[in-house]
Amino acid sequence: MTLTLDPTSSNRRRHAGSLGWHLGALAVLAVVLYPVVWVLGGSFKPGNEIIGSLDLLPTDPIVANYTRLTEGIAGIPISTFFVNSTILAVGSVGGVVISCSLAAYAFTRIRFAGRNLLFTLMIGTLLLPYHVLMIPQYVLFQKLELINTMVPLLLGKYLAVDAFFVFLMVQFMRALPKELDEAARLDGCGHLRIYWSIVLPLCRPALITSAIFTFINAWNDFMGPLLYLNEPEKYTVSLGLKMFVDQDAVADYGGMIAMSLVALLPVLAFFLAFQRYLIDGMATSGLKG
Amino acid sequence: MGRTVTHTGHAPPPAPPAPSPRPVPGGAARNAPPNCAQQPRENLAGYLFMSPWIAGFLLLTAGPMAASLYFAFTDYNLFDAPRWIGLQNFSDMFADPRWQKSVEVTVKYVVIGTPLKLAAALGVALLLAQSRRGQAFYRAAFYAPSLIGASVSVAVVWRALFTDDAVVDRTQQLFGMDAGGWVGDPDMILYALVALTVWQFGAPMVIFLAGLKQVPRELYEAAEMDGAGPWRRFWNITLPMISPVLFFNVLLETIHSFQIFGSAYILGGQGNPCGPADATLVYTCYLYQQGFENSRMGFASAMAWMLLIAVGLVTAVLFWSQKRWVHYEENAR
């Protein structure tokens, strides 16, 4: 039991307090989730009733907003955007899991000259605003004629540029007992073998946390695709939605809201399936270190 | 920092710099340091494992930083070679009313939004820490907005909520205030953006909650025996005990806020001007417009370096100030 403000001893007080506590928590929750419920209800209302109505639920639910999405956006089926986003997100996950765990292994298990210096540099990049790198990176990829491909969006993932995940894995690997890999070492295993057969399997929770965050970040990413993708056929879901809003200046709120929800579905699905990993990963990031 | 982490901003960059990895803790004889014959092999293995990171650091971080510093002193439109113009970009920038506006908007956003978000996070964390029953459920439910909040979807929905005659406006009308919606009002739209930020209080809340769990209960019991009320216990026990976590959240949320882009860009209607009378012209929005819409790469690089300096200064001030208010336990565990 953790009681921070008001530890009470009597059972009756505790019972009453618990009811009050739930009421308080639910009240906050109602405010926080209001937009979500509103948009969910709104997506089943006719377009002209969405904006002005305070009713959360539609009086006459319709699905026209969703069926309208099958027409696509600007002649492009929305499945195209989903395929593009999936390629980007899955590709990012593969890159982050491999490259960041290699770096984390080296930081925690190999004593090479210059390790502390590289570690300090890695920590330094954590707080660096991306905007300082944005323009030269764009120039670089433009010179390499890689604009309008996924390469600029993916390359960094394979080169462990996401220092946050290296750090997360370093924290996790440090806590693993060294006896295991030292025993393997005595048996003649090299680093590659220890990394692959011992450390990686033991790191599963950290790898899963990193993978999910990477997926969600890549899925939600807006600025990267905005900079690098300029043909609608290559757009990700974020850009597809932006284009929808753009072209629809007269405001087809029904379609817009339905599309917004559909765009979030994979993120919400991942959240529901893996929320434990996400929240525990978050919680520890602030404590250790 | 990782690109997506930076601008979608929910995965939190972690704690203040950790101590570098320690050598294997002593003990059994087999933990003896590798002898001289092994060291070159260890070095080779180390650099092989580090090679992706090193390549990434040189190609995508260190190299671009140097290039960006150079561009900041040039006139560069991406097609002709950069032309050295000294401090011209910086003097143009300081004299540019839209640049000044973007600084004003960003500072206002950071100064109003960050404390409100952290206050909401701490308040709800204190509430949730009171009881364990149902805590996991509430924690997950409050956390969800942080995960989706930076997406285009939510910005689109936010625009719909705060537009003229929409939900927020109608609610205001119930109380006799017809404000005409926040999205079209240059004085109010920034507060819609602030509300969107505060809505994502779940991420710092989870970190606060983890910190609150580590406060030893005996402290509260002792304080209660001494007759300290809830308020005194909060000020004299809870706050000092969680000050490292508070520091971490303040640092990260502040740095993040400076870099807000997508939400402001979509909420402001993606146009130029950004929002009514440039009211959502956050710094990165103007940087993007100058660099990629006006092809002023040199000017935009100068802007980026000003941002880096500002973020660096804020970080330095926060680290300096922590001596005064952050209490690290002397003999931690």
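Okay, a quick definition before we start: the expected span of a helix is 1.5 Å times one less than its number of residues. Keep that in mind, and keep in mind too that this is a predicted model.

So, take helix α15 of chain B, residues 297-325. It has 29 residues, and from first C-alpha to last it reaches 41 Å, close to the 42 Å expected.

Which residues of α15(B) are buried? Going along the helix, they are M297(B), G298(B), F299(B), A300(B), S301(B), A302(B), M303(B), A304(B), W305(B), L307(B), L308(B) and V311(B). And what do these buried residues pack against? Well, in chain B there's α2, β1, α3, α12 and α14, and from chain A there's α6, residues 131-143.

One of those names comes back: A304(B) is among the residues with the most contacts inside the largest nonpolar core, which has 179 residues.

Let's look at A103(A). Leaving aside neighbours within four places in sequence, A103(A) touches A160(A) and V166(A), plus F49(B), M50(B), P52(B) and W53(B) over in chain B.

Okay, stepping back to chain B as a whole. We've got 15 helices and two strands, and of the 333 residues, 48% count as buried. If you take contacts with a separation of 6 or more, 69% of them come from residues 24 or more positions apart.

Last bit, domains. Chain B is divided into domain 1, at 34-61, and domain 2, at 90-325. The C-alpha centres of those two domains lie 39 Å apart.

Technical notes: Residues are numbered from 1 along each chain as its sequence is written. Chains are lettered from A and ligands numbered from 1 in the order in which they are written. This is a predicted model: local features need pLDDT of at least 70, side-chain atom pairs count only at pLDDT 80 or more; totals for chains, interfaces and linings use all residues. Domain bounds come from an automatic or database domain assignment. Helices (H or I, at least four residues) and strands (E, at least two) are DSSP runs, numbered from the N terminus. A residue is buried if 20 or more other C-beta atoms lie within 10 Å of its own, exposed if 12 or fewer, and partly exposed in between; C-beta atoms are placed from the backbone. Two residues are in contact if their C-beta atoms, placed from the backbone, lie within 7 Å. A nonpolar core is a set of buried Ala, Val, Leu, Ile, Met, Phe, Trp, Tyr and Cys residues joined through C-beta atoms within 7 Å.
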